[in-house]
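Here are some notes to read alongside the structure. Each point takes up one part of it.

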Amino acid sequence: MSTQAVHAGELRQKSEGAISTPMYCASTFTFESTDALLRFVEGEEEREEYGRYGNPNERSVERKLAAMEGAESAIVYSSGMAAIVGLLMSKLSAGDEIIFFDQCYHRSREFCTKHLARFGVVTHQVKTGDFAAMDAAINGRTKMLVSESPTNPHLTCIDLEQFVAVGKAHGVETLIDATLATPFNLRPIEFGVDYVLHSATKYLGGHNDLLAGVICGTAEQLESVRNLRGILGSVNSPHNLYLLERGLKTFELRMERHNQNGLHVAQFLDSHPKVDRVYYPGLTSHPSHQTAASQMRGYGGLVTFTVRDADWKKTSRIVDAAKIARIAPSLGGVESLIEQPLVMSYYNCSPEDRQRFGISDNMIRFSCGIENTEDLIADLDQALSQ
Amino acid sequence: MSINKPSFRTRAVHVGNEVDPATGAVVAPIHFASTFRQPGAGVWGQYDYSRSGNPTRTALQRTLASLEGGVDSLAFSTGMAAIHCVTMLLSPGDMILAGSDIYGGAYRLFHKICDRAGIGVNLVDFTDLDAIASAIRPETKLMWGETIGNPQMSILDLPAISKLAKDAGILFGVDNTFGTPALLRPLEHGVDIVMHSATKYLGGHSDCLGGTLAVSDKSLYDQLYFIQNATGAVLDPMSCFLLSRGIKTLDVRIRAQSETAMKLAEWLKVHPLVSRVLYPGLEEHPGHSLAANLMGEHFGAMVTFELRGNKAQTAMVCQSTKLFCLAVSLGAVESLIEQPATMSHASYAAADRDRFGITDGLIRISVGLESFDDLRDDLESAIASLSL
């Protein structure tokens with residue numbers, strides 16, 4: 001994968017012989033003559049036209065991401081949310097239905113239940129991993145099955161063979177948001193999943209310095225998605241595309257370290273007397289461990305845990321005591337981040353909804369960066385002893 | 001202008017900004033590559049390693065050479081790196097003859113760095129041609145001035161000084177940062193090297209550092225290029241791109257800023273708490289007619305004025321403006337204010353500050369693109385705090 005991450009998608013011979021892809025800031029691309037324009041319009045020549053329809057930096061990083069994912073094609077967006085919105089808006093029409101596993105990013109849920117609903121699209125949510133419930137919810141109007149794997153913040157891993165089997169049995173397309181797994185740990189296309197989604201802001205970019213999203217799939221399936229992006233305009237900037245391509249070069253190295261830190265931190269927390277429960281698929285105690293072990297290469301850098309006998313305030317004191325990890329949303333960057341889901345993302349949720357989504361007051365989500373493992377553990381240890 | 005001989009403003013937009021042949025991109029791509037694939041072993045392409053040359057830097061250098069009317073130009077990481085490159089043309093025992101009204105950083109370089117290489121410096125009033133002529137010694141190898149002096153806004157008689165230098169076989173370089181190539185092109189007046197802190201008006205947006213040198217003699221360019229490549233203070237691709245982007249609006253920016261500066265200078269001139277205003281656009285400025293000959297109808301956007309107040313009171317005025325930001329540097333779309341005695345010229349020795357008229361009440365403003373009315377009101381209320 002490292003070789004792909006460094007080389008795939010990039011032109012072997014670049015402009016001026018440059019070793020790295022130059023950054024194309026041009027908003028528009030000129031034609032030598034009307035004849036040249038006609039060759040393009042008639043489809044005889046593939047080339048750039050206007051920034052919203054494509055850019056050399058975009059093509060280069062899209063080819064790299066597709067190669068790393070084992071997909072035929074990839075489309076990059078201005079953010080992860082723009083990517084899922086772009087896909088769903090292109091694939092769904094009024095009267096269509098989609099089915100979600102209920103552990104999912106709250107903004108994805110919000111978009112479907114509040115906004116797609118306005119366009120007559122019906123969203124069903126079924127219990128995460130309950131394939132019988134998912135199967136039962138499918139009807140003639142169902143167009144897509146959606147899940148994250150692992151889910152956020154519970155790190156539940158979905159059995160992709162079963163997930164794909166349910167979709168195939170009914171001729172319904174499947175989408176996996178594999179942001180937390182990354183193509184290093186999980187390659188859903190190999191299981192027959194139709195679309196793979198990433199918030200590339202996270203591990204793919206990897207440096208907490210850009211926003212991006214990506215959808216991978218076959219060229220044919222993605223054609224209408226790409227066309228809609230050209231109309232809606234949720235493309236990324238050349239600067240971000242360049243940073244994304246640059247960040248991907250160290251992707252494998254970073255993931256190895258994120259996986260290692262994630263596992264060691266999870267094991268440390270699991271044996272800590274002040275910790276009640278640890279959610280990490282690499283631990284045998286995690287309900288998804290078997291599934292994760294059979295389909296993933298590693299388990300990522302995200303670790304969720306609950307603090308024993310702590311209310312939200314005691315829990316927040318532990319968050320505040322961390323010296324290395326900073327308090328922030330997002331994850332997957334080289335810097336470790338820590339957050340209390342209750343305060344960070346679910347503050348405006350009713351207690352009933354929080355209970356329904358499994359967000360307890362004493363829950364902490366820790367995104368391991370690539371810092372030294374012992375340092376992270378020592379820092380968590382001192383924070384827990386506060 | 002005509003298509004065959006495009007005007008300054010047209011060249012600022014188009015020279016060095018040719019359409020990318022590979023993609024048709026209307027803005028050339030930014031090349032971050034540190035190294036370049038070569039056609040064969042021992043066969044060198046146009047670019048090999050980014051210190052020696054980079055397509056994005058070349059594009060900027062071509063634009064600048066065209067705007068300055070030179071054979072070529074060089075882009076450095078800062079203005080100081082550009083001046084340093086010029087001083088590296090000298091050898092131990094050589095002398096620099098510099099104007100007494102120069103930037104504190106150049107003053108420091110000449111006095112505290114060049115002296116370690118056995119290079120001496122003496123300062124004279126560059127507005128006094130007789131003083132220059134009598135200060136020239138056999139060891140003098142470089143004359144260095146600022147086209148518009150800082151902070152006195154003195155104006156150099158470039159054709160006359162160039163002649164003095166040429167007759168004595170001395171290289172004459174000027175810092176034209178305050179003048180900008182849009183208003184003043186020293187190479188056209190016989191100067192050998194024109195330097196800019198591109199951080200200022202060329203970039204124009206307070207968002208990148210850079211320095212440039214332009215020359216009209218190819219062999220001098222070759223010597224400077226050799227030094228730049230050997231010592232390595234080149235400008236990075238992102239800054240080159242931002243500079244190229246900024247230069248496209250240089251002409252419109254500096255002319256608009258100059259017009260506001262002129263109005264502010266006239267307003268300050270009659271303010272009861274202002275003892276004097278130094279702006280070459282004012283008829284009473286000693287360099288006014290010279291400036292009008294060299295620059296035409298716009299005189300730049302730097303204005304210095306002296307308050308009827310002591311050091312602390314002056315500092316207080318500089319700190320109480322709301323639009324003018326208290327900062328060194330200059331030339332950007334945002335207006336800036338500073339006190340030379342404590343800020344830009346703090347590195348002058350105290351005796352030299354007195355000698356060269358950098359008084360405690362002096363305030364230097366860099367006029368940005370804000371409206372005259374807003375800037376005047378801001379200065380008015382800041383100065384009003386003096387009498388409270």
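1. Domain bounds in these notes come from an automatic or database domain assignment. For chain B the assignment gives domain 1 (8-247) and domain 2 (251-387). The C-alpha centres of domain 1 of chain B and domain 2 of chain B lie 26 Å apart. The model is a predicted one, in which local features need pLDDT of at least 70, side-chain atom pairs count only at pLDDT 80 or more, and totals for chains, interfaces and linings use all residues. Residues are numbered from 1 along each chain as its sequence is written, while chains are lettered from A and ligands numbered from 1 in the order in which they are written.

2. How many residues do the two domains of chain B bring into contact? Two residues are in contact if their C-beta atoms, placed from the backbone, lie within 7 Å. By that rule, 30 residues of domain 1 of chain B are in contact with 33 residues of domain 2 of chain B. On the domain 1 side, the elements that give two or more residues are helix H1 (8-14), helix H4 (104-113) and helix H7 (180-183) of chain B. Helices (H or I, at least four residues) and strands (E, at least two) are DSSP runs, numbered from the N terminus.

3. Chain A is also assigned two domains, domain 1 (2-248) and domain 2 (251-384). Their C-alpha centres lie 27 Å apart. Here 25 residues of domain 1 of chain A are in contact with 30 residues of domain 2 of chain A. Helix H1 (2-7) and helix H8 (182-185) of chain A each supply at least two residues of the domain 1 side of this contact. H8(A) gives the most to that side, with 3 residues.

4. Chain A has an open sheet of 7 strands in the order E1-E7-E6-E5-E4-E2-E3, with mixed pairing. Two strands pair if DSSP finds at least two bridges between them. The edge strands are E1 (73-77) and E3 (122-126) of chain A, each of which pairs on one side only. From one strand to the next the twist averages 20°; axes are lines fitted to C-alpha atoms, for helices over the stretch in contact, and angles run from 0 to 180 degrees between N-to-C directions.

5. Within this sheet, strand E4 (residues 142-148) of chain A and strand E5 (residues 173-177) of chain A run parallel and are joined by 5 bridges. A:Glu148 has A:Asp177 of E5(A) as its bridge partner. Helix H7 (residues 160-170) of chain A packs on the sheet and touches E4 and E5 of chain A. The direction of H7 of chain A makes about 175° with that of E4(A).

6. Chain B has an open sheet of 5 strands, ordered E8-E9-E12-E11-E10, again with mixed pairing. E8 and strand E10 (325-326) of chain B are the edge strands. Strand E9 (residues 302-307) of chain B is mostly covered, with 5 of its 6 residues buried. A residue is buried if 20 or more other C-beta atoms lie within 10 Å of its own, exposed if 12 or fewer, and partly exposed in between, with C-beta atoms placed from the backbone.

7. Which residues stand opposite B:Thr304? Strand E8 (residues 274-278) of chain B pairs with E9(B) in the antiparallel sense over 4 bridges, and B:Leu278 stands opposite B:Thr304. E9(B) is also joined to strand E12 (residues 362-366) of chain B by 5 bridges, again antiparallel. There B:Thr304 stands opposite B:Arg364. By contrast, E10(B) and strand E11 (residues 336-338) of chain B run parallel, with 2 bridges.

8. The buried residues of helix H8 (residues 218-231) of chain B are B:Tyr221, B:Leu224 and B:Gln228. Seen down the axis of H8(B), they fall within an arc of 70°, so they line one face of the helix; the arc is that of the directions from the helix axis to the C-beta atoms. The face turned away from that buried side carries the exposed residues B:Ser219, B:Asp222 and B:Ala230. Among the elements covering the buried residues of H8(B) are strand E1 (72-76), helix H3 (79-87) and strand E7 (211-215) of chain B. B:Gly232 follows H8(B), and its phi is positive, near 90°.
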